[in-house]
Amino acid sequence: MTEDLSNTIWNGIYKFVTWLRRKNIRNPDTAEEDDIGPIEPAIYGESLIPQRKSQPLLMELRRYYRDYVAIPVDKRNRAFEVVEDIKNSLQKFVQDESKTNYTFGDIMPQGSSYEGLKVMEPDEFDLLLPLMLKNSNWEYSKYQSSGYVFITKIQGYIFNTKTPYDNAIVNDVYLSPIVIKRKMQSIVKRAVDNMVFPNVQRVTLRESGPALTLEVLYDGSQRMSIDVVPSINIGNKLVVAKRHPDSDQYQSRTDHNMLNNLWRVSFSENEKAIIREMDGMYECRRTCLKILKTIQLRKGSSQLGMLSSYHLKTCMLHLNADRSIGSWHQDNLDDCFKDLLMILIQFLNDGKMSSFFDPNIDLFSTNNTIQLQNIRGWLERIIKSDDKIINEML
């Protein structure tokens, strides 16, 4: 067999396996996402079908998912319709350069609602509004190993070339995320002022940290918030205007702190691609993560509430990549949930949580060490007993 023929055969097999896997992917946007099995043990005649020892935890996790986690499909779909109308209206407005003086790309929906990870209520959405730069005029440089970059105009003869963004350059060097955000705020405000949709009573803009947040009232009493985040694709990186932990607070920013000019590297597109396709039919990775996210949200500022949902998502990304883990079938939801708790405990024991996409980034770097130790102690105590998980977490 020739090498070319062998490569052709293997390429064909790979494409077939990829097609077969995609054909059996669990779609997070449909009702099947919430069909995770019965909440009572199956009964055959007068006797129970033989069940595993951890049956009570399995049933309680399914019950918790039904009662607290899952969002009804019709409610979720209606929220998506409203967001899509707003996104399309904003896209149409920013594409008219005569109104903005900037060049924008296609708005990118991001975050838990588009990953199939939103829990409890369909009330939070994220849209990245990408500013288009010509890479021949701009470059980025990493700041230490922090997951942040500076964007600067290329020096030399091209440095004198005028661009629409020159008035956002700080200290003659850095493209400022603060200035860009301020200018985008004006653009988004004008776009919002022209929005009129059926059954949408109000869309108002407020500034919320790094994002421009649209507060939406629709269908009489339904509410949602849509974060519009300024972003830039430069080189092979997607960066967003989100502040470095050591930058000045928004109300007291100056041009003297160069950390104010950092853009944060975003892996949201990579995350979405993995998470949306991580579950085959009857698998439960997203289910485990959504249950843990809901526990974290309902705990408020205690225990898991001291962590962010991004910490929990990162745990699942690492766990999903571990091929030594056994079956993710939804009938093993209890064991899979404990696997997720165990990897979180492992990170807490290490005192470091590496970003899935950049091991140099420690996601615990700004967390209080004592609080992390307290969370670890709590988890280590309750994971020893299914009853403790049921009574203290659920």
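How many residues does helix 2 have, and how far does helix 2 reach from its first C-alpha to its last?

1. Start with helix 2. This is a predicted model. Helix 2 has 15 residues and reaches 20 Å from its first C-alpha to its last. That is close to the 21 Å expected at 1.5 Å a residue.

2. Look next at what is hidden. The buried residues of helix 2 include Leu57, Leu58, Leu61, Tyr64 and Val69. Charged side chains can be found there too: Arg62 and Arg63 are also buried. The cover over the buried residues includes helix 8 (285–298), helix 10 (333–350) and helix 12 (386–392).

3. The whole structure has 3 cavities of 30 Å³ or more. The largest cavity holds about 100 Å³. Its lining counts 15 residues, and Pro28, Arg76, Gly116, Lys118 and Lys290 lie nearest the centre. Helix 2 and helix 3 (73–94) are the elements that each give two or more residues to this lining. By type, the lining has 7 nonpolar, 2 polar and 6 charged residues.

4. Turn to the rings. There are 11 aromatic pairs in the structure. Phe80 and Phe125 form an edge-to-face pair, because their centres are 5.5 Å apart and their planes stand at 75°. Phe80 sits in helix 3 and Phe125 in strand 4, so the pair ties together parts 45 residues apart in sequence. Both Phe80 and Phe125 are buried.

5. One more pair deserves a look. The planes of Tyr102 and Phe104 are at 55°, with centres 6.3 Å apart, so this pair is tilted. Tyr102 is buried at 3% relative accessible area, and Phe104 is buried at 8%. Ring pairs join Tyr102, Phe104, Trp138 and Tyr165 into a cluster.

Note on methods
Residues numbered from 1 in each chain as written. Predicted model: local features only at pLDDT ≥ 70, side-chain atom pairs only at ≥ 80, totals over all residues. Heavy atoms only, no water. 1 Å grid on protein atoms, 1.4 Å probe; cavity = no way out; pocket = protein on both sides within 12 Å on 5 of 7 lines; lining within 4 Å. Points joined across faces, edges and corners; volume = space filled by probe spheres on them. Helix = DSSP H or I, 4+ residues; strand = E, 2+ residues; numbered from the N terminus. Expected span 1.5 Å × (residues − 1). Buried < 20%, exposed > 50% of the residue type's maximum accessible area, 1.4 Å probe, protein only. Contact = heavy atoms within 4.5 Å. Phe/Tyr/Trp six-rings, centres within 6.5 Å; stacked < 30°, edge-to-face > 60°.
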